[in-house]
Amino acid sequence: MPPTLASLVQHSALKLTVRAGEDRLDVPVRWAHVSELADPVPYMEGGELLLITALKLDAEDPEAMRRYVRRLVGAGVVGLGFAIGVNYDETPGPLVDACAEEGLPLLEVPRRTPFLAISKAVSAAIAADQYRAVTAGFAAQRELTRHALGTGPEGVLGALAAQVDGWAALYDASGAVVAAAPDWAGRRAARLTAEVERLRERPAPASSVVGGPDHEDRVELHSLGTGRRPRAALAVGTASALGTAERYAVHSAIALLTLTTERSRSLHAAEQRVGTAVLRMLLAGEPDHARAVAGDLYGALLDAPFRMAVAESGTGPAGERLGELAETVESAAARAGEAVLVVPEGERLVVLAADEGAAVAACTAYAAAREAERARPEQGRADETDLVVGLSAPAGPTAASAAYKQAEQALSVARRRGRVFVEHEQLAAGSVLPLLADDAVKAFAGGLLRALHEHDATGRGDLVASLRAWLSRHGQWDAAAADLGVHRHTLRYRMRRVEEILGRSLDDPDVRMELWLALKATATE
C-alpha cells in the first residue's frame, strides 16, 4: 500500500502535527516536493505533499492564502507541510483557515525535522510498496502458472479472480464465453459480447476498459493470440482500478492464456489434417477406412446423418469471411459438444456437420447475417468475390460424394442468383423456371426462336403465339385452335411452317421440350 498522510503523521521520527483536514489523511501520497514559489502549480502533477516555509508568501493575508490554497487543491496537491521556526514561529491562522475551508490537510513541521527527512520517508515507503507489489506479482505468476499446468484455463481464471478480488472470463474467437470464475461471473461476462466483438476487429494485441464509477464494476478486456486476428479474449472485472500487484497478475494471465490458445491452435491444425484425410476417404467412397481414421475424434459424426457445406470466397477482405465462418462453426460445435469437420481448400471451405446440430445452425445464421448485410442499400451491388455457401441434404458416409455434389450445385445456384446461401433441398422444392434467368439460357432461347420472331415481324402469321398455345395444350389441335380463335387446319398449317423454318420435327419430344423452355426463358425478359 502506498504511503498516506496518516502514515506520515504516525511516523515517530517526523513529529508532524495536523492543523487542518484531519478527515482526509487517508489519501495516498505520490511524492513530497519542496517549493517556495508563490505559484508552484505549473510544476505539480497531482498527488504531492507540498512542503513550504512561506519564504515568498504573505501567510498573514487571508485573501492571498485562500487564492494560494485554492490553486493547490485544483492542481491535485493532497497535503501541505508548513515548517515553523524558519519564517514563522507558528503556523499562521489565515493559512490554517484557508486549508480548513478547502479541505486540504495541513501538517505542521517542527524546526528540528528537515524537509529532507520527510522526502526520504515518502520515498522509502513508495519503494517498499513497489517491492511488495513486485513480490506479490511474482507470487501470483507462480500461482497462475501452477494452475495453467494443472487445471488449464479454468484454473487460471479462478486464480486470477482471487488475485484481483473480482472476476475473470475467457471468450473464444466468436466472442462467446468459454469459462468464467467465479461461476456467477458468466452472466456478467455474457453481457459484454458486443464489446468483445469490437475488440476483435482491432489488430492484436488490443485492450479496452468498460464501465467505471457509474457501473456495477470496471472491466478490462484484452485480446489473446499472436496473429493479426485475436484467437480469444480475456475480461477482468474489479470494483476499482487495478494496483501494481494486480496488474502483474493480469499480465501473467494474458501470457499464460495466450500460450494455451496457441497450443490449442497447434492441436487444432493437427486435427484439421486428420479431418482432411477423413473427408478425402469419404469422397473416394471408402467410408470404412474413413471411420477407422476418424476414431474418437470424428467417429460420432459418421454415425448419424450429416450435412455437407461448401463455402467459397475470393481473396482480400472478402476472403476473410471463410476464416470467420470456420471460427463460427467450430465455436458453436464446441459449445454444444458436437464433432465438426472443417477443411480449407484454397478459396473454399468444406464443412461436414451433424444434421440439425448447432454447427449447421451457426453456418445458416452466419450466412443469413451476411445476406442481410449485403441487402442494405448502402452496400450497393454485391461483390462477385463475396462469400457464397451451398448446403447439401442430409446424408450418410456412403453418400458423402453425392452430398458434396449437392453442396456444389447449391453453391453454383447461389452464385448465379447473387445469393449468399442456398440449400440443395430448396432447389428440389422449388421450380426450374428461375434457373432460366441465366444469361446463357436466354441467349440460347433467343437464338432458337429468332427465325420465328423474324417471320412474325413481317406480318405473315403468328407462329410464336401458335407454337406456345399448341405446346401448352400438349399438341391437342382442337383445344389449341380454340385458344387462338382459329380453325384447326390453320393451326396445322402454322405448325408445319414452324417445322420448315426451324428445320426440326415437332414429333420429337426433345424438340418440344427445348422450344417450351425457350418460350419460358424469353417470357421472363
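This is a predicted model: local features need pLDDT of at least 70, side-chain atom pairs count only at pLDDT 80 or more; totals for chains, interfaces and linings use all residues.
Student: What holds strands of a sheet together?

Tutor: Strands of a sheet pair through backbone hydrogen bonds, parallel or antiparallel.

Student: In which order do the strands of this open sheet run?

Tutor: The order of its 5 strands is E12-E13-E11-E14-E15, with mixed pairing.

Student: Why do E12 and E15 stand at the edges?

Tutor: Strand E12 (340-345) and strand E15 (421-423) each have a single partner strand, so one side of each lacks a neighbour in the sheet. On average, neighbouring strands of this sheet are turned by 15° against each other, direction ignored.

Student: Which strands does helix H10 touch?

Tutor: Helix H10 (residues 320-336) packs on the sheet and touches strand E11 (306-312), E12, E13 and strand E14 (388-391). The direction of H10 makes about 170° with that of E12.

Student: What about helix H12?

Tutor: Helix H12 (residues 400-417) also packs on the sheet, touching E11, E12, E13, E14 and E15. Its direction makes about 40° with that of E11.

Student: Why is Cys99 called buried?

Tutor: Buried means under 20% relative accessible area. Cys99 is at 0%, so it counts as buried. Cys363 is at 6%, so it counts as buried too.

Student: How many disulfides does the whole structure have?

Tutor: The search finds 0. A disulfide would need two cysteine sulfur atoms within 2.5 Å.

Student: Why is His33 neither buried nor exposed?

Tutor: Exposed means over 50%, buried under 20%. His33 is at 27%, so it counts as partly exposed. His33 lies in strand E2 (residues 31-34). Leaving out residues up to four places away in sequence, His33 touches Met44, Leu49, Leu50 and Leu51.

Student: How do you know where to be careful?

Tutor: Over residues 379-385, pLDDT stays under 50. The model has 9 contacts for that stretch beyond four places in sequence. The chain averages a pLDDT of 82, and 87% of the residues score at least 70.

Terms used: Residues are numbered from 1 along each chain as its sequence is written. Side-chain values use heavy atoms; hydrogens and water are left out. Helices (H or I, at least four residues) and strands (E, at least two) are DSSP runs, numbered from the N terminus. Buried means under 20% relative accessible area, exposed over 50%, partly exposed in between (1.4 Å probe, protein chains only). Contact means heavy atoms within 4.5 Å. Two strands pair if DSSP finds at least two bridges between them. Axes are lines fitted to C-alpha atoms, for helices over the stretch in contact, and angles run from 0 to 180 degrees between N-to-C directions. pLDDT is the predictor's confidence in each residue, from 0 to 100.
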